[in-house]
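I opened this structure for a first reading and kept short notes as I went. The entries follow the order in which I looked things up.

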Amino acid sequence: MSTARVRIQTGDFDLGAEVAALRAADARVGAVCAFVGTVRDRNDGLSVSTMELEHYPGMTEKAIEAMIDEAHRRFDIFGARVIHRVGLLQPMDQIVLVAVTSAHRGESFQACEFLMDYLKTQAPFWKKEQTPDGARWVDARVSDDAALARWGIDSRNG
């Protein structure tokens, strides 16, 4: 099990194993918050048969590392891990894991939500869905930009 803070991979991940590795041998940890995002079978009113995710190797990891650094500056957390899958995914597949450890739940919840909001709008990923109307690229939603703005970050400027 890699202890890297950021992993981009085609294969699935094991939530239990990842959380165990994140909190291993750290007796300070009193809270772990984890978010797992999955592929839905519908988006914007259309059925989705597959989703394909692409990234820019090296740049994507660097951008997510910077997000984790920012979470450490803003919140009293001990550790954070982000795993994001790329490649061809099916409905119900896991796409992303964001996990955070801290002494108390509030910091973990906030940092986890902050990282997920940041990830949805700022991480360099490109998503293409297959629908009955054909393939379509998926843009960030206005609601994702609004979620990031509540942390004082303009999605257009990172």
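Predicted model: local features only at pLDDT ≥ 70, side-chain atom pairs only at ≥ 80, totals over all residues.

Entry 1. Is Arg-7 buried or exposed? I found a relative accessible area of 16% for Arg-7, which is under the 20% cut-off, so I recorded Arg-7 as buried. Arg-7 lies in strand S1, which covers residues 6-9. I then looked for a polar partner and noted that the side chain of Arg-7 contacts the side chain of Glu-18 at 2.6 Å.

Entry 2. I turned to the nonpolar residues. How many residues does the largest nonpolar core have? I noted 30, with Ile-64, Val-98, Val-100, Leu-115 and Leu-119 making the most contacts inside this core. Among the elements that each supply at least two of its residues are S1, S5, helix H2 (59-74) and strand S8 (94-102). Helix H3 gives the most, with 7 residues. A second, separate core has 5 residues, including Phe-13 and Leu-97.

Entry 3. Leaving aside residues up to four places away in sequence, I listed its contacts, among them Cys-33, Phe-35, Val-82, Cys-112 and Met-116.

Entry 4. I traced a sheet next. In which order do its strands lie? I read S7-S5-S9-S10, an open sheet of 4 strands with antiparallel pairing. S7 (87-89) and S10 (134-138) each have a single partner strand, so one side of each lacks a neighbour in the sheet. The twist averages 25° from one strand to the next. Between S5 (residues 50-55) and S9 (residues 125-131) I noted 6 bridges. Leu-53 stands opposite Lys-127 in S9.

How values were computed
Residues numbered from 1 in each chain as written. Heavy atoms only, no water. Pairing = 2+ DSSP bridges. Axes fitted to C-alpha atoms, helices over the stretch in contact; angles between N-to-C directions. Buried < 20%, exposed > 50% of the residue type's maximum accessible area, 1.4 Å probe, protein only. Polar contact = N/O pair within 3.5 Å; in protein donor to acceptor, adjacent residues only side chain to side chain. Core = buried A, V, L, I, M, F, W, Y, C linked by side-chain atoms within 4.5 Å. Contact = heavy atoms within 4.5 Å.
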